[in-house]
Amino acid sequence: EVEVMYAMHHWPVWGKDKVNEHISTQRDMYRFINDETLRMANQGYTMLEIAEQIKVPDAIAKNFSNRGYYGSISHNVKATYVM
């Protein structure tokens with residue numbers, strides 16, 4: 001029943017379908033970052049090596065709301081690694 005979503009560091013999103021798409025692509029991006037960081041850490045890569053190597057798939061990266069705005073993929077990988 002959602003009509004509008006206000007989130008930190010993003011423009012508001014209007015309409016149920018667009019809100020659901022936004023949340024889904026954000027979920028996919030953070031899951032990818034988490035899973036790839038852990039996979040590579042388990043293979044023995046360091047935080048910096050992982051941050052340099054991870055590239056988000058185009059299907060996720062091309063979404064406007066997944067672009068670097070208040071951070072970058074590299075920054076988010078490093079934060080995931082230290083958690």
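Which residues form the largest nonpolar core? In this predicted model, local features need pLDDT of at least 70 and side-chain atom pairs count only at pLDDT 80 or more, while totals for chains, interfaces and linings use all residues. Residues are numbered from 1 along each chain as its sequence is written, and side-chain values use heavy atoms, with hydrogens and water left out.

The largest nonpolar core has 10 residues: Met29, Phe32, Ile33, Met40, Ile50, Ala51, Ile54, Val56, Ile60 and Val77. Such a core is a set of buried Ala, Val, Leu, Ile, Met, Phe, Trp, Tyr and Cys residues joined through side-chain atoms within 4.5 Å; buried means under 20% relative accessible area, with a 1.4 Å probe and protein chains only. Two or more residues of this core come from each of H1 and helix H2 (47-53), and H1 gives the most, with 4 residues. Helices are DSSP runs (H or I, at least four residues), numbered from the N terminus. Ile50 is in contact (heavy atoms within 4.5 Å) with Thr37, Met40, Ala41, Tyr45, Val77 and Tyr81, leaving aside neighbours within four places in sequence.

Helix H1 (residues 16-42) packs against helix H4 (residues 73-82) at an angle of about 60°, with the axes 9 Å apart. Axes are lines fitted to C-alpha atoms over the stretch in contact, and angles run from 0 to 180 degrees between N-to-C directions. H1 and H4 are therefore oblique to each other, a class that holds the angles left over from roughly parallel (under 35 degrees), roughly antiparallel (over 145) and roughly perpendicular (65 to 115).

Gln26 is also found in helix H1, and at 13% relative accessibility Gln26 counts as buried.

Key: Buried < 20%, exposed > 50% of the residue type's maximum accessible area, 1.4 Å probe, protein only.
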